[in-house]
Amino acid sequence: MGSEIHFAHLAKRLFVIPLLLLSVFILAFPNLALPHMVAGAVNFQSPAPLEINMGTDRLPSSIHLANGQLWLAWEVISLSGQTSILYITYNGIWSNPQTFASGPGSVSNISPSLAQLQNGTIILAWSTNQTGHYNLYYKLNNNGAWSGTTRLTSTSSDDYLPKLVVATDSTLWVFWERDSNSASCISGLCRQIFYKTLKANQWSSDVSFTTNSFWSSMPGPTATSDGRVWLSWSSSNSASTGFNIMYTVYNGQWSNSLALTSTTTSDTHPDLVADRNGTLWLFFARDIVLSSGTNGVSENDLYYSYSYNTGSSWTSPVQLTAGGTASNPVDSMDPSAVQGSDKMLWLFYSTDVTGGGSSFDLYYIRSYPISTHDVTISSAQYPPFQYPGGLASFGESPIMKINLTITNIGDFTDSISLTATISNITSYNLGTISRSITAGQSLTLTFNWNTTGVKPARYTLLATVTDTAEPVLNTYNNGISARDIVRVIPLGDVDQNGTVTIGDVSVFFYDFGFGPRGNPCPPGHCVYYPFEDINNNGLVDIIDVGIAAFNFGTAI
Amino acid sequence: MTANATLAPGTYTITVTGSSGTLTHSVTVTVNVVAQAAPVFSAGKLHWTHHLSLAKSGGVQTFTAIVTNPATNDWYVQVHITGTFDTGTPFTADSPVTLVAAGTTLNIVFTASASSAVNFKVSFTGSLTYGPTASSLPFTSPVTKSGAFAVVP
């Protein structure tokens, strides 16, 4: 076999080193490093009603599917007290609500969460008390049909508020809040964040993410294109204080938890999302005091913070929804945000703003279109095989041409640099090509690899496109690693299968002396076969046979 | 002419037939049946404790609904509170069925426990069902009232 090394490490190094350099630059020059630093310029449109009915609509969960559709599921409690889970879809227009789960009788179906697996399957998890305690269940949707129900947790405690995210490695994460009773907890009530994962069709066991004596409630995770999983939640360290928002990041292991908000009231129901410009957004509900006194009035309003540097720093919270008055409070809560394919950030939430506070309905707020810088290597083309130094007898050049197509899927004309490397034990730097590329344009750039003296083997093509204006979270699609598939085959391998076998050598002996080139091929056998004319002298001679014999047994 | 209180609103044709011996005569009368005005929260008023102290109240929330009956007939009324805790679990409360005389306004007071929701909020919608008898409340008032309260230690 030809020489091989494991190229994954090299690929990682090539990817990580620029990130590290960029991180250092960001830290050194926080105001200069990111030309895309326009997150603060994102403006939001006015709230719009989505679902208005006489019941209480709460806890919306939204996803953006791979086909561009939006799905939204939420909980409804009717005026008669029956809980249901409804969902709608958006493909330019919203569908009518469909009932996902309802009843029967005293059974409650609450707090849905949606996600799409990387194979396209949609999963909806929710909490229901059909066994006496609230446990988590889920269904799968393939091609519009829902599967049967699968139980996800079995506990005599109560599991609430499941939140699903799918990481770039295809792992499905489920976070939720588990409430149980214990004298060791605040007011005898434990509230902890749990999670479990689905990886390669195997569910992990339940893992208690928070284990301290605080109340940890209302998880709000997201997964970013760099492979990381982010988790926010509401935390309270005593019964006499409200909640603040904490967050942590999983990148192989969990980082230390950090506080994102600090309020004297209460911040709840956090929701994290990354927009198409690589900006991380945190939406949450904040309790706002409208009047003090014995029966002071407060309301929930939606706030947001954002980070344009993938969590290195966050802005101060900004109020998003308008409030009411002490005599007519308006609550807005339960944010669920998603980046739409229309370039807008969609924020769904529950509010009783309709009719001066007549019931809780679903509203949404969209951002204006978010522009970004985003380039990708959309394709790579190279010959299926190459003889070292080329084989002139059939017109093969010693130069292998490698075509890489760059596509600008962002919104600006950008300057890009494309670097390519061919590697096995020996690494060949193919150089760097710099160009300007307009929004929406695809550009094919060609690298020339001189294979003269190159050892037959399977080589790995690594290529990286760099756009200095691109946000870090958009660089996930900037590289390709075509591992071991660029084939430099040994001379004498006339059938180009990568190995000079006895069959190849036999052909040389059989055809010895055939020629000259240009003679027509009679039925059954060619008198001149160009792959055998290694020295390109017009016939199969002793030199050709000798080379083939010398390479006998060489395999890549 | 009287009609059952549950008669659906609409246009009805009544045929009155008189006869004497072999003489018969009929007259048709068109009657529009309109719905009696529904009881409503008076000026949207539904009172509750916005910060429910477990220490002071034991987690028992008291709702006071001010209900007006603008109709010309009496209605039996029940106030319903349906909503959710922050976890999404349902929160419900029902008042006793109460007679609200025609043209009057009445305070209806009732309670519900929210002791399990310390440091959480409860978001709810208040609604009214009503009917002609205490055991028959087939109608729902079109006017609802939403609100929220926090449960504090």
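1. A word on ground rules. This is a predicted model, where local features need pLDDT of at least 70, side-chain atom pairs count only at pLDDT 80 or more, and totals for chains, interfaces and linings use all residues. Residues are numbered from 1 along each chain as its sequence is written, while chains are lettered from A and ligands numbered from 1 in the order in which they are written.

2. Start with the interface: 41 residues of chain A are in contact (C-beta atoms, placed from the backbone, within 7 Å) with 29 residues of chain B. On the chain A side, β2(A) gives the most, with three residues; strands here are DSSP E runs of at least two residues, numbered from the N terminus.

3. Now the inside. The largest nonpolar core has 78 residues; such a core is a set of buried Ala, Val, Leu, Ile, Met, Phe, Trp, Tyr and Cys residues joined through C-beta atoms within 7 Å, and buried means 20 or more other C-beta atoms within 10 Å of a residue's own. β3(A) gives the most to this core, with seven residues. A second, separate core of 37 residues includes A:Ile437 and A:Phe531.

4. Have a look at A:Ser111, in strand β6 of chain A. Its phi is positive, about 45°, although it is not a glycine. A:Ser111 is buried, with 33 other C-beta atoms within 10 Å.

5. A:His269, in strand β20 (residues 267–274) of chain A, also isn't a glycine, yet has a positive phi of about 50°. A:His269 is buried, with 30 C-beta neighbours inside 10 Å.

Conventions. Contact = placed C-beta atoms within 7 Å. Helix = DSSP H or I, 4+ residues; strand = E, 2+ residues; numbered from the N terminus. Buried ≥ 20, exposed ≤ 12 C-beta atoms within 10 Å, placed from the backbone.
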